[in-house]
Amino acid sequence: MLGGAEEIGANCCYLDLDGTGILIDAGLHPRDRSSRAFPDIDVLGDRPTDVLVVTHAHTDHIGAVPYVMRRLPHLRPIMTHATRDLSHIVLHNGARLLRGDISASFPKQWLEFYGREEIEALRYAFEAVPYDDPLRLRGYSGRSAIDLGLHWSGHILGSSSVSLNVKGFSVLHTADIMLSDQFVVPKARIPRHHVDVLITEATNAATKQLPTYAEETKRLAAFVNGIVARNGSVLIPCFALGKLQEMVVHLYSMMRRGSIPHLPIYTGGIGVRINKVYDQYCYSDPMKRPGFEVSDIPQERLRRDELLHGDFMRNPSIVLAPSGMMNFGTMSNTLARQWFTRPEFGIAFIGYQDPESPGHSLLASEKKKPFDFGSTRSSRVCEVERFRFSSHASGEHLVELAEDIRPSTVVITHGDAGACESLALEIHERLPGTRIIIPQHGKPYTLLQSE
Ligand SMILES: [Zn+2]
Ligand SMILES: [Zn+2]
């Protein structure tokens with residue numbers, strides 16, 4: 001692991017498959033701007049590097065591609081069509097955030113990789129492949145051909161799990177995976193075939209059983225109705241890619257069913273452009289309701305220059321604003337400070353919070369008691385509540401996947417130490433003969449000895 005070992009960080013996994021070097025993902029750390037912001041390419045030394053697979057367009061998986069492609073310009077970057085179409089929106093946005101967020105430890109020369117032209121040029125270098133259509137890689141550093149397949153992982157538009165087969169030896173990397181339906185996208189479709197090594201994510205593995213979407217929907221409706229009864233507005237901080245589309249569709253269907261009143265829904269930032277990419281793929285990619293377009297749902301535009309005095313400050317509304325963890329300089333961070341002073345307003349968290357993010361400390365805060373909101377000391381009188389509409393599989397589902405596949409080795413990544421350990425324990429109990437690895441940063445592991 002060059003990043004993302006025992007954390008959700010600059011995710012990057014390196015595999016040497018019989019001499020061919022494959023990198024899976026090149027993520028930007030969600031928060032860290034030290035040397036751990038990017039995958040640790042230097043660990044590789046003179047090992048072979050041939051192909052870069054990008055599993056999906058979330059920043060913690062794609063955000064360091066400009067850096068990695070500059071360091072290793074000969075890499076062949078491969079992804080799905082939708083991920084390629086989302087890539088430049090996400091990378092330009094990431095570049096904007098990086099430029100506004102330079103800590104003393106962040107080397108300034110790194111920003112050069114994130115210029116407008118650099119990102120546009122990358123887009124044309126990206127090679128898109130369809131789901132479940134194996135691509136034969138040959139003629140690289142290794143002796144043998146490799147069959148690479150991307151499979152629908154149920155996480156967000158364009159997301160994929162990766163299968164790699166070399167000389168009858170098979171690896172499946174789940175990447176970010178969801179094993180039950182969401183509101184817009186259906187659950188993963190992992191092909192049934194022999195797998196020797198399963199590399200799995202573990203985001204939610206510490207929670208064995210997540211509450212169901214139906215249970216959380218009931219709680220969310222009660223929360224929204226409570227706030228609206230007091231003439232307040234609800235702020236939902238969420239990732240612009242995936243979470244925002246899921247919640248727009250879900251809130252609108254709650255309104256249509258009458259479980260919450262018809263309210264203006266505000267969306268903004270890159271979310272609006274991402275909605276359009278979802279709509280472009282509404283027939284060709286896996287969708288719960290093929291042909292349904294997110295942009296058809298009425299949405300008010302959230303404008304950066306109107307954040308302090310938008311109509312939502314006067315009339316009950318629902319505001320969906322990035323970022324999901326309320327990082328400094330983002331819309332949700334600016335809006336939250338407005339919300340803090342209004343006892344009738346409410347903030348509903350719906351996604352993962354990095355332990356050191358402003359969102360995490362707000363969630364742990366109590367009314368009228370001071371807390372650190374990023375670098376500033378704040379206090380709040382508004383309501384704050386957490387809901388679990390995760391787009392990552394529960395621990396139980398991940399264990400079932402391992403039981404189903406029965407690999408000889410399981411490698412656990414993309415989760416904090418506690419999540420990785422509890423998944424390891426659970427799999428060990430159910431599949432006692434299986435070798436389980438929780439890889440450490442930069443440490444090599446032999447997955448199969450050649451005779
Ligand atoms: Zn993701
Ligand atoms: Zn991720």
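## β11 and β15, side by side

Strand β11 (residues 234-237) runs parallel to strand β15 (residues 346-349), and 2 bridges link the pair. Val 234 has Gly 346 in β15 as its bridge partner. Here, strands count as paired if DSSP finds at least two bridges between them. Helices (H or I, at least four residues) and strands (E, at least two) are DSSP runs, numbered from the N terminus.

This is a predicted model, where local features need pLDDT of at least 70 and side-chain atom pairs count only at pLDDT 80 or more, while totals for chains, interfaces and linings use all residues. Residues are numbered from 1 along each chain as its sequence is written, with chains lettered from A and ligands numbered from 1 in the order in which they are written.

## The parallel sheet

Now zoom out: β11 and β15 sit in an open sheet of 6 strands, ordered β13-β12-β14-β11-β15-β18, with parallel pairing. β13 (300-302) and β18 (383-386) are the edge strands with a single partner each, so one side of each has no neighbour in the sheet.

## The mixed sheet

Another open sheet has 7 strands with mixed pairing, in the order β6-β7-β8-β9-β10-β19-β20. Its edges are β6 (135-137) and β20 (435-437); each has a single partner strand, so one side of each is left without a neighbour in the sheet.

Inside this sheet, β7 (residues 146-152) and β8 (residues 160-166) pair in the antiparallel sense, over 7 bridges. For Trp 152, the bridge partner in β8 is Ser 160.
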